[in-house]
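Work through these exercises with the model open beside you. Try each task before reading its solution.

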Amino acid sequence: MSKFKKKKGGDIPAVNTASLPDIVFMLLFFFMVATVMRQNTLMIENNLPFADQVEKLDKKDLVMYIYAGKPSENYKQFGTEARIQLNDKFAGVNEIAAFIAAERASKREELVPFLTTALKVDSKANMGLIGDIKQELRKVNALKINYTTKKGKVVN
Amino acid sequence: MAKRAAPEVNAGSMADIAFLLLIFFLVTTTIETDSGINRKLPPMEESEEDVIIKEKNIFTVIINKHDQLLVEDEVMELKDLRAAAIEFLDNGGDGSCSYCNGSKDPKSSDNPDKAIISLANDRETSYESYISVQNELVAAYNVLRDKRSQALHGKPFSELEANYNDVNWPGNKELLKKQIDQIKVDYPQKLSEVIQK
C-alpha cells in the first residue's frame, strides 16, 4: 500500500536560502556604486558642520584636501587641540605651502589655476586654526577654497 | 531513455562569498561629502591701499568667542541674520538702484554694488558657528539673486546656473551666460573678512 505512505517524521523542511546571495549582492552593488575608496586614513575627528547654501564640488581630481580637527581616540598622544592633517599625517601650519606645491606639481600645468582647496574641518575646531590655514593659502596664492559641509539644516 | 535530472549545484556558499566582498567594501570605502561653500580668498597684496568706504555701506558682523553675534553694533540671533542682511543689501538708499525693494533708508547702504558685508571673528570662535554665519550671508545674496532672476526671466537664479552647467541643456548658452552675469552685476557678492590679529 505504498500509495498511502506516511510522510517522514515531523521534520521541518530546510528554509530555502537560494535568494540570500542575491540580496547580499544587491547590497554589495549599492555600496560599490555609492562609495569611493578611502584616500586618507583620518587620524582626526571629522564631523563636518551643516549648511544649506552649498555648491557641489565636481572634478574630484582638481581638489586638494586639508583636514583639521581634534586627534581621534587612537591618537590621543597628539593632544586634544585641533590639528591639521595632510596626506595621512599630522602637519604644522608651515607645512601647508610645501603640500600645495607638491599637489600642484603632480597635476598638469594647465590645470593648476583651477585647483580648489577643500577644507574639511571638524565643527568643534576653532577659527584661529582656520585663519592660520587661510593666511598660509593666501601666501602660496591658492585662493579658491571650499568649506566642505554636510548638506542639511544649520543647527544652532 | 528516461531523462536524468541534472544534479543541483550547491550554492550555499555563494552568500558567504558575497558577504565577504560586501564587508570588504564596507570597510575600505567611504561615502564622500563633496559639497560645500565656495569662497575666494583675497590675494596677498604688497601695496596697502586704503579704500575709503562710507560707514553706512558696511554691514559688520562680528562673532565673538562665545559664538554670539554682533551685527551693526547690536546683538542678534542667527535666525534673524539672513533677513537683516537682505534688508541691508536691498536698501537702495541713494535711489540709483531701480530694482531694489528696500526701504530706501538713507542711513543704510546706497545700492547693492556699494554694499559690503564685513565678517570678523575671534580666534576662539567655533568653526561650526562661523560656517552657519557664512551660510546665512551667502543665503541672503542667493535670495536676492533669485528674486531678481524671477523678475527678469521668470526662473530662479539657481535654475539658470544649473542650466548653464548642464551639458545637455538645449537652449542658448551665450544668452544664458549674459543673463547670469547681469544678475551677478546687479547683486555682486561683496563679502570681506577681517583678518584676525
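**Exercise 1.** Determine at what angle helices α3 and α4 of chain B pack, and which residues meet.

*Solution.* Step one: locate the helices, which are DSSP runs (H or I, at least four residues), numbered from the N terminus. In chain B, α3 covers residues 127-153 and α4 covers residues 157-165. Step two: read the geometry. The angle is about 80°, and the axes lie 7 Å apart. Axes are lines fitted to C-alpha atoms over the stretch in contact, and angles run from 0 to 180 degrees between N-to-C directions. Step three: classify. Angles of 65 to 115 degrees count as roughly perpendicular, and α3(B) and α4(B) are therefore roughly perpendicular to each other. Step four: list the contacts (heavy atoms within 4.5 Å). From α3(B), B:Arg145, B:Asp146, B:Ser149 and B:His153 meet B:Phe157, B:Ser158 and B:Leu160 of α4(B).

This is a predicted model, where local features need pLDDT of at least 70, side-chain atom pairs count only at pLDDT 80 or more, and totals for chains, interfaces and linings use all residues. Residues are numbered from 1 along each chain as its sequence is written, chains are lettered from A and ligands numbered from 1 in the order in which they are written, and side-chain values use heavy atoms, with hydrogens and water left out.

**Exercise 2.** Find where B:Asp67 lies and state its phi.

*Solution.* First, the place: B:Asp67 is in the loop between β3 (58-63) and β4 (69-71) of chain B. Next, the angle: phi is about 60°, positive although B:Asp67 is not a glycine. Most residues other than glycine have a negative phi.

**Exercise 3.** Decide whether A:Leu119 is buried or exposed.

*Solution.* Start with the strand: A:Leu119 is in β7 (residues 116-121) of chain A. Its relative accessible area is 0%, so A:Leu119 is buried. Then look beyond four places in sequence: contacts of A:Leu119 include A:Ile66, A:Ile130 and B:Tyr127.

**Exercise 4.** Classify the ring pair A:Phe30 and A:Phe31.

*Solution.* Apply the rule: rings of Phe, Tyr and Trp (its six-membered ring) pair if their centres lie within 6.5 Å; planes under 30 degrees apart count as stacked, over 60 as edge-to-face and the rest as tilted. The count is 10 aromatic pairs over all chains. For A:Phe30 and A:Phe31, the centres are 5.4 Å apart and the planes at 80°, so the pair is edge-to-face.

Technical notes:
Helix = DSSP H or I, 4+ residues; strand = E, 2+ residues; numbered from the N terminus. Parallel < 35°, antiparallel > 145°, perpendicular 65-115°, else oblique. Buried < 20%, exposed > 50% of the residue type's maximum accessible area, 1.4 Å probe, protein only.
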